[in-house]
Amino acid sequence: MGSAEHITKNIKYAVAGEFLLAVLKFLSRRVFVLLLGREYLGLNGLFTDVLSMLSLAELGFSVSITYSLYRPVAQGDTEMIKSLVRLYRRVYRTIGLVVLVSGLSLTPFLSFFFKEVPQNIPDIPLIYVLNLINASISYFFTYKSTLLFVHQKKYIETSIRAIVSLAATAVQIAVLFLTRNYLFYLYVAIGATVIQNAAISVKASRLFPYLREKDVRPLPAGTLDEIYRNVRAMLLHRIGAVAVFNTDNLLISKFVGVAAAGLYSNYMMIRGFLNILVNALFDAITATLGHLTATETEAYKQTAFRRLSFFSAWLFGWMSICLLCLYDPFIDIWLGNGYLLSKPAVLLIVLNFYFNSMRTPVNNTKSVLGLFWDDRYKSIVEAAVNLAVSVILVERWGVEGIMAGTLISTLSFPFWCEPMVLCHRGLHSSVKGYFKDYLLHLTVTVIAGAITWLLCCAVGEGYAGFMLKCLICAAIPNLIFLAAYQRTEDFAFYRHILKRAVRKKA
């Protein structure tokens, strides 16, 4: 199976699986809200952020070893793969234990994360511990799912995860209806995580039987030095990413209240669903890109990145416009009017989604090129700016202040630093071309967004109004993008791929 076929298959499985999961997850959230209320939602989001901070124990090993696996997988070097996987397994078992022990040590101090501890939620420490156990389990299995990824067989993991998650979500909905007990809901989640990871592990062992072989050579000193150097750099990247993207619920709970965190978590659930689809899409592309960087010329890498950036600009521009116009109408239908945030907060959530999503092609390309070291301090500056500005602005603007802090931190440093490192150190090209294209894409997106927003404002509310807004969002932005880009070389490339796919189907 060629690269194009691998990408297509991975994307098909990812999209189908995630859409099926989304239907049940949104139904589950509806039941969750009706039976447990917004404070439980806020508690769930808060503990997710707390546990994300513990993921710093991962130290960036996953990205570093994934990068190290691209070349031996492309070359069929089984011995090197076995050596890397053994290191990966040992490291991640240690990390799983560290996360579990350090997480348990936080249990006596949970009240610090609340503005006011919810009095109507019993067993908060036990809820936290169950969430911790659920988060720790995957560390003991993740090395095998990474092997599926670099072999461009992500669709296998996606299929297993979709089947188990569908069954688990259905059981969770039934449990909530029958018991209205959040603890039972978490027990089901833990069971599903164990089954899912065990199934992926068994499948990977069957596909790669050499994983069971005992004769594993020690890694060469040069390879180990490169991995540990990348890990030191990735640790700084991880600290920054967690501080920027996994502290919003924590800050809202601490400075505004756990109920407000519950409202915010609904918006993040929708955005999270889009992020899962996007990550699955880019995972499929990135694995192939990793193989290309090990074999192709520098000119080809530059062209591949430019095409990836164009695709990203169209996709993320359209998604952002849809979020701006459909966020509130969807939540109003889904959960009710009492679960809406203010218009400025929604706008800031959408802006954060757009500018952070537009970093995806840059960071994914940097990852496959192994560019972890050069901008390692960027994430620390970004994190410091985010936390400082968010804490200052939350006193005046509440939730909006925290969102503004995230946006300011993104635009102040990583916005220009990441592409500069990629272009200068990885692609050996001028960064001016990247920013010229970025400004063009941003301008087209703003124009398309403004026109789409005005048209949606003229439409009524309710189910009929929401469906009409969906049609407007599906058609208008893409027609404007088509008019703007139809004569470009990058659009011609994707049009050729689309025509070839249509002819193949016919």
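This is a predicted model: local features need pLDDT of at least 70, side-chain atom pairs count only at pLDDT 80 or more; totals for chains, interfaces and linings use all residues.

Residues are numbered from 1 along each chain as its sequence is written, and side-chain values use heavy atoms, with hydrogens and water left out.

**H7 and H8.** I looked up H7 (residues 154–179) against H8 (residues 182–207) and found an angle of about 165 degrees, with the axes 9 Å apart. Axes here are lines fitted to C-alpha atoms over the stretch in contact, and angles run from 0 to 180 degrees between N-to-C directions. That makes the pair roughly antiparallel (over 145 degrees). Contact means heavy atoms within 4.5 Å; among the residues that meet are Ile160, Val164 and Ala168 in H7 and Val188, Ala192 and Ile195 in H8. By class, I get 16 nonpolar, four polar and three charged residues in the contact of H7 with H8.

**H4 and H5.** The axes of H4 (residues 78–105) and H5 (residues 124–137) come within 9 Å and cross at roughly 170 degrees, so I log H4 and H5 as roughly antiparallel too. Gly96, Val99, Leu100, Gly103 and Leu104 in H4 meet Tyr128, Val129, Leu132, Ile133 and Ser136 in H5.

**H13.** I checked burial (under 20% relative accessible area, 1.4 Å probe, protein chains only): 11 of the 15 residues of H13 are buried, so the helix is largely enclosed by the rest of the structure. The buried ones include Phe353, Tyr354 and Phe355.

Terms used:
Buried means under 20% relative accessible area, exposed over 50%, partly exposed in between (1.4 Å probe, protein chains only). Helices (H or I, at least four residues) and strands (E, at least two) are DSSP runs, numbered from the N terminus. Angles under 35 degrees count as roughly parallel, over 145 as roughly antiparallel, 65 to 115 as roughly perpendicular and the rest as oblique. Ala, Val, Leu, Ile, Met, Phe, Trp, Tyr, Cys and Pro count as nonpolar, Asp, Glu, Lys and Arg as charged, and the others, Gly among them, as polar.
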